[in-house]
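Here is a short tour of a protein model, written to be read with the structure open beside you. Take a moment to look it over, and then we can walk through some of its details together.

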Amino acid sequence: MQAVTVQGKNKVKVKKMKTPEIQNGTDMIIRVTSTAICGSDLHLYRKSMPISDDYIIGHEPMGIVEEVGPGVKNIKKR
């Protein structure tokens, strides 16, 4: 998958990252169709919080449900 990653203070890069997997019963995986950043992402971009390089930013995704864990009851795979 492609993701926007932090590569140092005030530096980001789109990189190919490992494909996500269901790890917990309540996890779900979506194919992101659009996303946005918000003010809290700027803290990560500016590295004013301790994070490692390759940290994936952006936590406002919208998309299509591709897979759900066994504990997910109200959302179904498309």
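Let us begin with Gly71, which counts as partly exposed because its relative accessibility is 35%. Please keep in mind that this is a predicted model. Gly71 sits in the segment after strand 4, the strand that covers residues 62-68. Beyond its neighbours within four places in sequence, Gly71 is in contact with Gly25 and Thr26.

Is Gly69 buried or exposed? Its relative accessibility is 4%, so Gly69 counts as buried; the cut-off for buried is under 20%. Leaving out residues up to four places away in sequence, Gly69 touches Ile22, Asn24, Gly25 and Asp27. Its C-alpha lies 5.3 Å from the C-alpha of Thr26, a residue 43 places away in sequence.

## The hairpin of strands 1 and 2

Strand 1 (residues 2-6) pairs with strand 2 (residues 12-16) in the antiparallel sense, over 5 bridges. Within this pairing, Val6 stands opposite Val12. The two strands form a hairpin with 5 residues between them, and Gly8 in the turn has a positive phi of about 130°.

Asn10 is also found in the loop between strand 1 and strand 2. Its phi is near 60°, a positive value in a residue other than glycine. Most residues other than glycine have a negative phi. With 40% relative accessibility, Asn10 counts as partly exposed.

You will find Asp54 in the loop between helix 1 (39-45) and strand 4.

Which residue forms a salt bridge with Asp54? The partner is Lys15, with the closest N and O atoms 2.8 Å apart. Lys15 lies in strand 2 and Asp54 in the loop between helix 1 and strand 4, so the pair ties together parts that are 39 residues apart in sequence. Lys15 is partly exposed, with a relative accessible area of 23%, and Asp54 is likewise partly exposed at 31%.

## The other salt bridges

The structure holds 3 salt bridges. One of them joins the side chains of Glu66 and Arg31, at 2.9 Å from N to O. Because Glu66 lies in strand 4 and Arg31 in strand 3 (residues 28-34), the pair ties together parts that are 35 residues apart in sequence. Glu66 is partly exposed with a relative accessible area of 32%, and Arg31 is partly exposed with 44%.

Asp53 forms a salt bridge with Lys47, where the closest N and O atoms are 3.1 Å apart. The relative accessible area of Asp53 is 41%, so Asp53 is partly exposed. Lys47 counts as partly exposed too, at 28% relative accessibility.

Finally, have a look at Asp41, which lies in helix 1. Asp41 is buried yet has no salt bridge. How far away is the nearest side chain of opposite charge? That side chain belongs to Arg46, and it is 11 Å away. Not counting residues up to four places away in sequence, Asp41 touches Ala36, Ile57, Gly58 and His59.

Terms used: Residues numbered from 1 in each chain as written. Predicted model: local features only at pLDDT ≥ 70, side-chain atom pairs only at ≥ 80, totals over all residues. Heavy atoms only, no water. Helix = DSSP H or I, 4+ residues; strand = E, 2+ residues; numbered from the N terminus. Buried < 20%, exposed > 50% of the residue type's maximum accessible area, 1.4 Å probe, protein only. Contact = heavy atoms within 4.5 Å. Pairing = 2+ DSSP bridges. Lys, Arg positive; Asp, Glu negative; His and termini not counted. Salt bridge = Lys/Arg side-chain N within 4 Å of Asp/Glu carboxyl O.
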